[in-house]
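This report describes one protein structure for a reader who is new to the subject. Please examine the sequence and the model before reading further.

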Amino acid sequence: MKYIALLLTLFAIQAIAEDFDYYLVGIPAPISIQPETAAFDGKTFFNDSRILWNNAQEKAVGLVINFHKPENITRIEVLTSKPNEILWAPYKTEFFSWNSENLSWNSELSQPDGTGSATKKEYQNPLISTVWKPAQPVNSKAIKILMNGEHIWLCEVRIYAGEKLLKPEYAPVGPAAQTLLPDKEGVASGASSNPDTVWYLNGIDGKWLAVGQPNLLNRRDKVIFRFDITGYIPAGKVRKAVLQYEQVPFAARYRDELLVLDHFNIERARLSGNDLISNQVDAVRKYILERAVTNPIITRIDVTSQVNTDLSKGFGYSTFRVSSESAEVLGNPQNEATGVTINNGTMKLFIEAN
């Protein structure tokens, strides 16, 4: 059980990438030993690092890929199968693109597998290639790929924007990195609909950090956290800074959430409810958290530029805010709780000094 728990955690970690980051959804029992690299390493070997799912279920499983900027997608290839065992091939693969106007997914292609090649003796190492090639490039902030089948052996995913093959470029923090945590008054949440009175240091009831709509009202809750960087002011800059936090959709939710990570361009020596509605921020990243996610997703985002900007201004704090653009734009039409929890205590800023 400890081994499975470790693998669940590994599968939930988002890759830090130049072009995109990604996470897996609907995973019943992930058993890949290389979850962060196996799907995008350019290799198609049939080995244990390629097994992603091995459990009969009705719901589809797959990947959500968040691009760091909208990309013009021209082709996606999904390579699956196992030598001579069609059981390990998906019977249907689906492709979706994110609609930035409706803040929802567009269904682009539902492709059944009709090859049957994995059962033929002459195919010793068959690969079933499922391809989505739109007639015109599809400009999108995110792509979702879902596979249906009792067992899925995913070998490789290839995403093209024109002739460019998009790849995650991993940037792990080195072992010498220091870990900063928010100070005791450096975490808060509240309702941007009523920032003067609905404001909680350390979250609702002193623990729950909600983003979106935590009840039937149109509250538009946001989460704010800051880190003390005064120790790096003498040097004036750092080599690398990576922000990390853990998040999961509400148990009851009715939509996917488009989330926004903002960085305050002013120093916040003392957090207040006004920070919920402040426009003195710059967007760092937008990303979609799929409602089908059941395991916590660990998000890592490179914030080296933001921290160094703070240091160049002599700021003693780097402050960030997570909000839901879905809540801001769509409100709460179903009058039900829907959103994301930032797990309190998981916010960390990893610093590699010069």
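A residue is called buried when its relative accessible area is under 20%, exposed when it is over 50%, and partly exposed in between (1.4 Å probe, protein chains only). Gly 231 is exposed, with a relative accessible area of 62%. Its place is in the loop between strand S15 (221–228) and strand S16. Gly 231 and Leu 311 are 80 residues apart in sequence, yet their C-alpha atoms are 10.0 Å apart in space.

## Basis and confidence

This is a predicted model, in which local features need a pLDDT of at least 70 and side-chain atom pairs count only at pLDDT 80 or more, while totals for chains, interfaces and linings use all residues. Residues are numbered from 1 along each chain as its sequence is written, and side-chain values use heavy atoms, with hydrogens and water left out.

The pLDDT is the predictor's confidence in each residue, from 0 to 100. For the protein it averages 84, and 79% of the residues score at least 70. Confidence is lowest in helix H1 (residues 2–12), at a mean of 37, and highest in S20, at 98. Over residues 1–13 the pLDDT is below 50, and this stretch has 23 contacts in the model beyond near neighbours in sequence. A contact here means heavy atoms within 4.5 Å.

## Overall composition

The protein contains three helices and 22 strands. Helices (H or I, at least four residues) and strands (E, at least two) are DSSP runs, numbered from the N terminus. Of the 354 residues, 54% count as buried. Among contacts between residues at least 6 apart in sequence, 80% join residues at least 24 apart. The accessible surface comes to about 15500 Å², and carbon and sulfur atoms account for 50% of it; such areas come from the Shrake-Rupley method with a 1.4 Å probe, and for residues only the protein chains shown count as cover.

Which residues of helix H2 (residues 304–312) are buried? They are Thr 304, Gln 306, Val 307, Asn 308, Asp 310 and Leu 311. The cover over these buried residues includes S16, S17, S18, S19, strand S20 (317–324) and strand S22 (348–353). After H2 comes Gly 314, whose phi is positive, near 80°.

Leaving aside residues up to four places away in sequence, Val 307 touches Ile 229, Val 238, Ala 241, Ser 318, Leu 349 and Ile 351.

## An enclosed strand

Strand S14 (residues 209–213) is largely enclosed by the rest of the structure, because five of its five residues are buried. S14 pairs with strand S21 (residues 338–342) in the antiparallel sense over five bridges; two strands count as paired if DSSP finds at least two bridges between them. Leu 209 has Ile 342 of S21 as its bridge partner.

## Salt bridges

A salt bridge is a side-chain nitrogen of Lys or Arg within 4 Å of a carboxyl oxygen of Asp or Glu. The structure holds 16 of them, and the table lists examples.

| Salt bridge | Closest N and O atoms |
|---|---|
| Arg 75 and Glu 77 | 2.6 Å |
| Glu 325 and Lys 286 | 2.8 Å |
| Asp 256 and Arg 291 | 4.0 Å |

Asp 256 lies in the loop between strand S16 (238–249) and strand S17 (257–264), and Arg 291 in the loop between strand S18 (281–289) and strand S19 (297–302), so this pair ties together parts that are 35 residues apart in sequence. Asp 256 is buried at 9% relative accessibility, whereas Arg 291 is partly exposed at 39%.

In the salt bridge between Glu 325 and Lys 286, Glu 325 lies in helix H3 (residues 325–330) and Lys 286 in strand S18, so the pair ties together parts that are 39 residues apart in sequence. Glu 325 is partly exposed at 21% relative accessible area, and Lys 286 is partly exposed at 32%. Salt bridges that share partners also join Arg 75, Glu 77 and Arg 158 into one network.
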